[in-house]
Amino acid sequence: MTIDCHGHYTTAPKALEEYRKRQLADFGTPRWAPLKGAVAISDDQIRDSLESAQLRMQRERGTDLTIFSPRASAMGHHLGDANANRFWSEHCNELIHRVCSLYPRNFVGVCQLPQAPGVRPDNCIAELEHCVNELGFIGCNLNPDPSGGYWTDPPLTDRWWYPLYEKMVELDVPAMIHVSGSCNPNFHATGAHYINADTTAFMQLLGSDLFRDFPTLKLVIPHGGGAVPYHWGRYRGLAQDMGRPPLAELMRDNVYFDTCVYHRPGIELLLKVVPADNILFASEMVGAVRGIDPESGHHYDDTKRYIDAIDWLGAPEREKLFRRNVEKVYSRLARRG
Ligand SMILES: [Zn+2]
């Protein structure tokens, strides 16, 4: 059993994107009315959108189950307000629920939160509860920077976020710390903003006692933990200088990295420096990088291939990262029928 903890519905039928385009075209103009409206997508359109992409790749690459969430770059929390983003999140999450209902063996849902810059995260609690309790979702994606590259909200360790963390702990769901698009021209979304945010989130957590307040809170930092594994010595040294616990202790039951690193040397480094209990298998397919690596002849995001090829990785560690760690973090997986 191989579980990919990080997949997005990047191939959703066009009607979803068109809804958001219409909504944002009206937003801020006299035409804007805060109404949810409808998105017309048939089950057949959903099947078609998955058969040619995610489902085929699952089969070809040998993964069984994908923890599936709305397209992250399209969350666009910086583009609307609390109302517009709530309607948008509801539509995106409802579509993920339909995917998971049509293919319960292949997909399990993680929700998008209706965040907006400067709006308290308490505003996301109702949608999180709905997605977990009514739709059977097992986690959420939490945007640490709803401003889209300007970081205008408090750090993840600030009490600003605490009501949402309290609800996550109560519901027993983790969050993947995942930014969306960038409106800051300095930061390319997937090439800079994503990796910056992963690194930034780790450093915020390193310097705080968040997990003393929330000992069971679980946060997944995607894209291999950003720059952290490569600079592991720097972060170990910073933690030491700041009188913080060693990194392995700091991460132990609370912070996890995924394997969305698109070359074998990067994956090997990740597996060598980060504790095996804190790494979750993921590919982010079909996502940030879609091409084929001319050096290997395979897709960059076929991350299972890199791991399968590492001969020094033992069977118990493989079992942990392909399955056990994911089940530990997304503990509601076990409650599925
Ligand atoms: Zn992602």
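Analyst: Start with the rule for ring pairs. Two rings of Phe, Tyr or Trp (its six-membered ring) form a pair if their centres lie within 6.5 Å; planes under 30 degrees apart count as stacked, over 60 as edge-to-face, and the rest as tilted. The model is predicted: local features need pLDDT of at least 70 and side-chain atom pairs count only at pLDDT 80 or more, while totals for chains, interfaces and linings use all residues. Residues are numbered from 1 along each chain as its sequence is written, and side-chain values use heavy atoms, with hydrogens and water left out.

The structure has twelve aromatic pairs. Take tyrosine 103 and phenylalanine 107. Their ring centres are 6.4 Å apart and their planes stand at 80 degrees, so this pair is edge-to-face. Both tyrosine 103 and phenylalanine 107 are buried. Buried means under 20% relative accessible area, exposed means over 50%, and partly exposed lies in between (1.4 Å probe, protein chains only).

Now a second pair. Tyrosine 165 and phenylalanine 214 have ring centres 5.7 Å apart and planes at 75 degrees, so they too are edge-to-face. This pair links distant parts of the chain, 49 residues apart. Tyrosine 165 sits in helix α6 (residues 162-171), and phenylalanine 214 in the loop between α8 (210-213) and β7 (219-221). Helices (H or I, at least four residues) and strands (E, at least two) are DSSP runs, numbered from the N terminus. Tyrosine 165 has a relative accessible area of 0%, so it is buried. Phenylalanine 214 is at 7%, so it also counts as buried.

Back to tyrosine 103 and phenylalanine 107. Together with Tyr9 and Phe68, they form one aromatic cluster.

Rolling a probe the size of a water molecule over the atoms shows where empty space is left. On a 1 Å grid over the protein atoms alone, a cavity is a set of points where a 1.4 Å probe fits but cannot get out, and lining residues have an atom within 4 Å of a point. Grid points are joined across faces, edges and corners, and a volume is the space filled by probe spheres set on the points. This rule gives three cavities of 30 Å³ or more. The largest cavity holds about 50 Å³ of space. β2 gives the most, with three. By class, seven lining residues are nonpolar, three are polar and none is charged. Here Ala, Val, Leu, Ile, Met, Phe, Trp, Tyr, Cys and Pro count as nonpolar, Asp, Glu, Lys and Arg as charged, and the others, Gly among them, as polar.

One ring meets a charge instead. Lysine 304 lies over the face of phenylalanine 322, at 5.6 Å from the ring centre. A charge sits over a ring if NZ of Lys or CZ of Arg is within 6 Å of the ring centre and within 35 degrees of the ring normal.

Glutamine 112 lies in strand β4 (residues 111-112). Its relative accessibility is 1%, so it counts as buried. Serine 208, in the loop between α7 (189-206) and α8, is buried at 14% relative accessibility. The serine 208 side chain reaches the backbone nitrogen of leucine 210 at 2.9 Å.

Most residues other than glycine have a negative phi. Tryptophan 151, which is not a glycine, has a positive phi of about 50 degrees. Tryptophan 151 is in the loop between β5 and α6. With a relative accessible area of 28%, tryptophan 151 is partly exposed.

Note on methods. 1 Å grid on protein atoms, 1.4 Å probe; cavity = no way out; pocket = protein on both sides within 12 Å on 5 of 7 lines; lining within 4 Å. Polar contact = N/O pair within 3.5 Å; in protein donor to acceptor, adjacent residues only side chain to side chain.
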